[in-house]
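Hello,

Here is the structure we spoke about, for you to look over. My notes on it follow below.

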Amino acid sequence: MRNAAPQQLSYASAMPHRVDQQLANGHKHAFVGRSLRKTYITGETEVHALRGVDLDIHAGEVLVLLGPSGSGKSTLLNIIGGLDRPTAGELWYYDTDLTALDDAELTRFRRANIGFVFQFYNLIPSLTAEENVRLVTDISDNPMPAAEALELVGLGERRTHFPAQLSGGEQQRVAVARAIAKRPGVLLCDEPTGALDSQTGVRVLETLAQANQELGTTLILITHNAGIAAMADRVFNFLDGQIASVMENETRVPASEMAW
Amino acid sequence: MVKALDTKLMRDLWHMRGQAFAIALVIGAATATFVMAMGVHHSLTETRDAYYDRQRYADVFVNMVRAPRSIVDQVAAIDGVAEAEGRIELYSTLELPGRITPVRAMINSVGDGGASKLNRLVLLRGRGPVSDKEGEVVIDKAFADANAMDVGDRIDAIIYGSRSQLEVVGIGLAPDYIWSIAPGELVPDASRYGIFWMGEKALEAASNRTGAINAISLIIQRGANEAEIIRHVDALTAKYGGTGAIGREDHLSNTFLQSELDQLEAMTRIIPPIFLVVSTFLVYVVLGRTIRTERGVIGLLKAFGHTNGSVGWHYLKFALAVALLGIILGSAAGWWMGRSMTAQYAEYYRFPFLYYQVSANVFLTGAALAFGSAAIGAMGGVRSAAALNPAVAMSPPPPPIYRAGLIERLGEKAGLSAVGNMIVRHIVRWPGRSAVTVFGVALSLGLLFSVLQFIDSSRAMLDNYFSRAQRQDISVSFIEPRNEKVLSELALLPGVIRVEPARAVPVMLRHGARSKRVAIEAAHSGEMLTSRVDAQGFEVTPPASGLMLSRALADQLDLRPGDKVEVELLGGRQTSATLNVASTIDELIGTRAYAQSDVLQNLSRDASPVGSANLLIDHAHRDELIGKLAEMPMVLGVTERDAAMELFERIIDENIMSMMGFYIAFASAIAIGVVYNSARILFSERAHELATLRVLGYHRSEVGVVLLGEVALLVAIAVPAGCFIGYWLARLMVAMFSSDLFRLPFAPERSSYGVATLVVLAAATATALIVARRVNRLDMVRVLKAHD
């Protein structure tokens, strides 16, 4: 199942073809961004969250975004995930110009291509584990059965439990199952282990890596935890709204061998 | 210096202004209906009392066939009578140019210049008639307005069989004619029935009654026994054909006004409480929610040393401030609506002046009720805020626990989508709040339905009376009762297909200590045009012997079928007999008694038993026939059934349409208040979940479904509940609004359920959509970072 093809967007009508960037370094690029800027105006102060970011994200890679609070990594993740728009610059997802999409089209983009995992799980408390997964499979074109997604994260036995009846790690694995059930092209994880103890965190990271391996999903992780960077193909170090450096790992350390 | 806690209160109010305003709207509706009904009741009562007092409205009235003036002194000499006055009251037929149907007037005699001791005339324009100047009259304002007449106009009239020309010298009003209706009519029509006042000497001459009168009014001394005086008056007037003295409570004008006042009072007992109950529940739900979200703040306040009492008071003030807003809005609206309603009454009931003033007491009582119900609603939340332990309060509240219960399994069985499950489980998770939403919307629907039922009820009464009981085209009343020969005379007129006699004999019915003055109406064998129809629309025939009483009359006299009742004939021959009560009939209008015509004839032995006649006509000859009838000197009035029915419908429409706007607004206020608050609470509770759904790729409209789906489901449950509440509320209102004069049937049209449902659905939908727009403003980015 490697290299799951990105799902075609129904609105992909007049998208210009960016062959030049597609071919750079012989990698197929999931995302290509140029001069991305994001400026928030809060009250009377301007906050420059992104100050001109250029990036190429390879299809199927594991990418870790490292950096202190306020360095712009979450802002970038939100823009990549179609939750927010850049103030300036361009951003492509394969053939799709994300900056040209309106709200409804961005929603369709997320629905078709993006799986999210949040620090605080964001499960619906009134739905069982399986129903939380179904929340996504209900609206996807080619999902795996919700039960199968829960099997993948090792929670097949607990699918009828409500979030309040699950531990934090189990809840986060439900969130991962929810994210991978639709076989997304991209998994975006914002501090997925931030609220978990080390042992549980490792379990979650294993699950994410497994999705990357078995489904060919591009995996983008935000973390404060430099240790996690070892499991990545590449690491972007953020500072002051810019990518200060890019680090490539020769070999990826399996999640199971990590500890912090 | 405003305390910091009060600054917080102001900010909280501003922050929750939408919800606060929606609650204030419901409280305002309570205050408004209360202030309006009490204000109008109070104003009308004050106006009436002042009018009665100033113009010396009499306490007791008696009519006779003809009596010498000297009887007035005898009546005045009765122990307890303060003042008595005699006058002539005479029906006359008027000939107005271009009018086919006869126009009638009741002419009352007055002293020189319009003066009298009792029931004094109020001159609005012109002057009073000179006592001996023939033809000078003052006419009542409603008649003048309806016929565009003014001082100086001349009217051709037939008085006591001879034609004369009247000159309008003044326009006036009197306290004994605040409300009036022509005899034989069911609906007042000022264009066809006038009240005139003519000089005493002139009317004596015109009616051949020199030195004679046919009516006496009297005022009794404070504390005197009215019943005792009436007995004396009856004894004195019997030999002059007295028809039995009556007190104010039986005097037509006063009775109708009183029945209106009673209805207003009934309204204050039913409608404002509905709004108050809803507002209590709204405060309970909204404040409860606010306090749950402010747990941390409450903990902090207490940690800083605020007492339990001051924290509780802080939240109680929130509820009271909302109530205050409602009271201000409602008082202003109620005052304004009351004024326009009073003005409407002034059109219908003729007062020379109208005090519209709402006493401070009404406002204070309305405010006390509103504050009270808000405080009751706040009690639960305030007590939990006061009781909260600061250490516990500062830790986050335990998350809502959802477990696999019956509903969850049902949801799985029913194959609900994940979103469907979210909706259903949330409703079940907060049963109290869901119940308040259902109950509030249901009450709004029920209230509207019960008001709509009023229209149906009035129409059903109309149909019951006109279509089933009165099938004649025209009824003709005579100046004096005729013998049976008149029937063949009428039958010869052009276009007359069928003639039937009608007769009503005034009597006093006595049973033990109870007595009631009524007319016994005759049923004739073989009659086709009139019948006695009960509330269910079934025809009921009076028994071959004995009396049939309307249920209301039987109840008043404590009589059952099989009982004996003493019947005393009033007017003319003074005889009495004991008759059997053979049956009762459940009727909508009036308190009446019936007997077969031979039973009645045995009792009265009257030579001229025909009081009026009912005609079935060929409509092609209608104009010609009415013209001929109007020329007959014995004819007092001609009533066309269809015209009367139309007029009645118009009155119903006018009265109801003006009130309908208010009630639609009020019922909507409840629906809006309840739905807005329920949707806002839902939104704030679920903002996190809704934003999560948006992140997961749900469109705005799909997220809106989660929000609105719950509201829609609750409203859907509320619709049948509202129809059920409306059914019983309407029954209660029908019972409370019924009086001696009429009993409203409970007869809702199916469309009324539909209309009430549509209005409430429209209000609920519009309100929910306003809240749903917030989905557009959901912050997806923040939700990723925050705990829910």
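B:Glu702 forms a salt bridge with A:Arg111, and their closest N and O atoms lie 2.2 Å apart. Please keep in mind that this is a predicted model. The count of salt bridges between chain B and chain A is 4, and 14 residue pairs are in polar contact between these two chains, with both residues at pLDDT 80 or more.

On the side of chain B that touches chain A, the elements that give two or more residues are helix H12 (406-413), helix H13 (418-429), helix H19 (641-695), helix H20 (700-737) and helix H22 (780-785) of chain B. H19(B) gives the most to that side, with 7 residues. By class, the side of chain B that touches chain A has 16 nonpolar, 10 charged and 7 polar residues. In contacts, 33 residues of chain B meet 32 residues of chain A. About 3,000 Å² is buried between chain B and chain A, and carbon and sulfur atoms give 58% of that area.

Next, the domains within chain B. The chain is divided into domain 1 (1-55 + 249-398), domain 2 (56-248) and domain 3 (470-643). I looked at the pair formed by domain 2 and domain 3 of chain B. Their centres, taken over C-alpha atoms, are separated by 26 Å. Contacts there involve 19 residues of domain 2 of chain B and 18 residues of domain 3 of chain B. The area buried between domain 2 and domain 3 of chain B is about 1,700 Å², with 59% from carbon and sulfur atoms. In domain 2 of chain B, the residues that lose the most area to domain 3 are B:Ile100, B:Pro102 and B:Thr243, which together account for 29% of what that side buries.

Strand E3 (residues 89-95) of chain B supplies 3 residues, the largest share of the side of domain 2 that touches domain 3. That side of domain 2 of chain B divides into 8 nonpolar, 8 polar and 3 charged residues.

One residue to look at is B:Arg592, in the loop between strand E20 (576-585) and strand E21 (593-596) of chain B. B:Arg592 counts as buried because its relative accessible area is 18%, under the cut-off of 20%. Its side chain makes a polar contact of 3.1 Å with that of B:Tyr594 and one of 3.4 Å with that of B:Glu587. Leaving out residues up to four places away in sequence, B:Arg592 touches residues including B:Tyr465, B:Glu521 and B:Met548.

Best regards

Notes
Residues numbered from 1 in each chain as written. Chains lettered and ligands numbered in written order. Predicted model: local features only at pLDDT ≥ 70, side-chain atom pairs only at ≥ 80, totals over all residues. Heavy atoms only, no water. Domains from an automatic or database assignment. Contact = heavy atoms within 4.5 Å. Buried area = accessible area lost by both parts, 1.4 Å probe. Helix = DSSP H or I, 4+ residues; strand = E, 2+ residues; numbered from the N terminus. Nonpolar A, V, L, I, M, F, W, Y, C, P; charged D, E, K, R; others polar. Buried < 20%, exposed > 50% of the residue type's maximum accessible area, 1.4 Å probe, protein only. Polar contact = N/O pair within 3.5 Å; in protein donor to acceptor, adjacent residues only side chain to side chain. Salt bridge = Lys/Arg side-chain N within 4 Å of Asp/Glu carboxyl O.
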